[in-house]
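Okay, thanks for coming, everyone. I'd like to walk you through how two chains sit against each other, so let me put it up on the screen.

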Amino acid sequence: MSSFALTTSSGSGNEGSRRPSALRWVALAAAVVLALGVGHDLLHMPLQIGDSLAPLLDAARASSPWSEFQAHLREDGYFRPMRFAIITLVSDLANGHYFLAYRLFHALLVLAFLVLFVRALEVRDRLTLAVAPLALTVFVGIHTFLGTVKEIYPTNHFLQIAVLALLALNLAQSKGGLLVDVTLLVAFTIAALTLESGLLVWVVIVSAWISGMPGVSRRAVIGVTALVGGYALLRFGIFGTGLPTVQERSTGFLLEALDPPQIRERFGDNLLPLYIYNVASSISSVLFSEPRSGVWVFVRAIRGGELAPRHFIQIGASLFATGLLLTYVVARIRSGIRRPVTLADRHMVIFAVVLAASAAMSYVYTKDEIMSTAGAFYALAVAGAAVYFLRTWPPHARGWQATAVVCVVCFAGSAAWATRAAGVHHVLRSQAFVQRNDWTRLDREWNRDGTWERYRAQEALVRELRREAISTRVVNPRFEPRWMERVFDINY
Amino acid sequence: MAALALPGALLILATAVMLAGLPFGIDPLWRVEPLTLAEAAALRDNGEVVRLIDAGEDPNKAGAVRAELLRNDAQIVTPLEAAVGIDRPDMIETLLENGAVLDAMTWTHLMCFATAIEADEAIDFLEQRRPADASTACEHVRTPW
């Protein structure tokens, strides 16, 4: 990767006795272990019906990925042709084994997500390696990660965007060159045509360049910015896609989810307060784990007398990590730093910009999934702050009482994040149970709403997918230890 | 440093140990408890109900339900009785769609049972599926509890 100028300290970055490459491999191995753990869960997850089965069936009967791409160029509010092309591509590669193909694709994306994250940490000394477990548990444990794994779409487009954003960051941390520039342009193009939040790849590239990352050239910034212009021209000028409106879907507001008619009833024609609320709550969600998709579940739990340890674990973990970030920012400003100098500084700047941009994109409706890229960059920023904290904390100069308090706080904060990360398996088991049960109601619901008429020609495939989903062995929540429901996150 | 690193490192280690057990059939994260058809119905496990029926289980045959799943003590009930026992029309419907028979005698039996335990949603559902010759007289009907 890059030079020592990118280390979390401004020093040599070569502390410790082990070779940097060995340390990096240890950190990568840890990431692979966690990715395999989540991947193992994914292979137990039945395909989802809602938002998933219809695109899968459409893909199975599409003539080619390109035809699907073209078919989805003109849609109201959403411009995601690449998403459907990728679903069709995986469908074509599946050769009839749809469940396996889509789940493997998902698991491989999760692996790439974690590996790119650890690679961006640039583990090259013992301190960074010591922080890597915390960084990984923040990365996996934050609720925004859940959206990248629990939603079993044919292909999880939120995860694709987060992976492409981390790919862009990794390239920005490289030495650069023509190949890097071209890859950045390709990554942006795929992301922007997959999902609206794909524009975050442009945000990452530009903020990396502004913060002084060596892999991004001026040429790449101009090129990718030109592509943003081209995107706007295509979307608004040629295809007239427009933007999503509040009529599209429900959104959380204070203590409840509002559907479109309720939004109209509550806000009338002046939607500005809702937009401001959505942006602010999206930012707060990443920094403090509240609200969740716009709903203040902690307050709701207090009012309903349903407070559980998980509420304190989630908020406590976030207060710890966000506290580290704030401490870091204050310390850097106090020490006279006015522009990013270290890798941690640069990660902090990029995180702040990605967070703001992600929140701005959530103005119409707020969803934890939209913030998944910001959640990944949050973990990077926390890691940098933690390394800085370890480097600058001289325990012998503070007295044993202060040291003991700091150790207890660090252990509690780190344990809270490890608990959240461990809870991902619990949420996925719960989700698998719900999704398998949904398949048993498919006939009934499709007969009722007429969906069968649309897919009658593919009945054999639907029956096969149903058989595959039903035969998937899932854990009945009744046999989960009771404490799990209280300690681990739940499926909001 | 250890205070920050230890919890996450333990989680990674535990995950590695779990993964190492998979080739030997040890899977603590996805340990599936075997259920009878009546137990699956009692536990709202529609997916397992359909899987078991697809695998050849008889949806009209009574089966054992372990203590604490439906009641404090173990029960021998049919899947339909279990579904009524938890007041889940959705489960009754799933069973009927997959081969459970709701004849006049069964209907009366289930209706009396639902009335006795005040399973209101089940009562509403059964009312809609009442066979023409079904009776509502419960004097001689023996309910599971």
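Start with R436(A) and E48(B): their side chains meet in a salt bridge, 2.9 Å from N to O. By salt bridge I mean a side-chain nitrogen of Lys or Arg within 4 Å of a carboxyl oxygen of Asp or Glu. Across the interface of chain B and chain A, the rule finds 7 salt bridges.

Quick housekeeping. This is a predicted model, where local features need pLDDT of at least 70 and side-chain atom pairs count only at pLDDT 80 or more, while totals for chains, interfaces and linings use all residues. Residues are numbered from 1 along each chain as its sequence is written, chains are lettered from A and ligands numbered from 1 in the order in which they are written, and side-chain values use heavy atoms, with hydrogens and water left out.

Back to the interface. Here 40 residues of chain B are in contact with 45 residues of chain A, contact being heavy atoms within 4.5 Å. The two chains bury about 3700 Å² between them, 68% of it on carbon and sulfur atoms; that's the accessible area (1.4 Å probe) that two parts lose on being put together, summed over both. Which three residues supply 23% of the area that chain B buries against chain A? They're L4(B), I12(B) and W30(B), and that's more than any other three.

One last stop, F377(A). Not counting residues up to four places away in sequence, F377(A) touches A165(A), L166(A), L169(A), V204(A), I350(A), F351(A) and V354(A).
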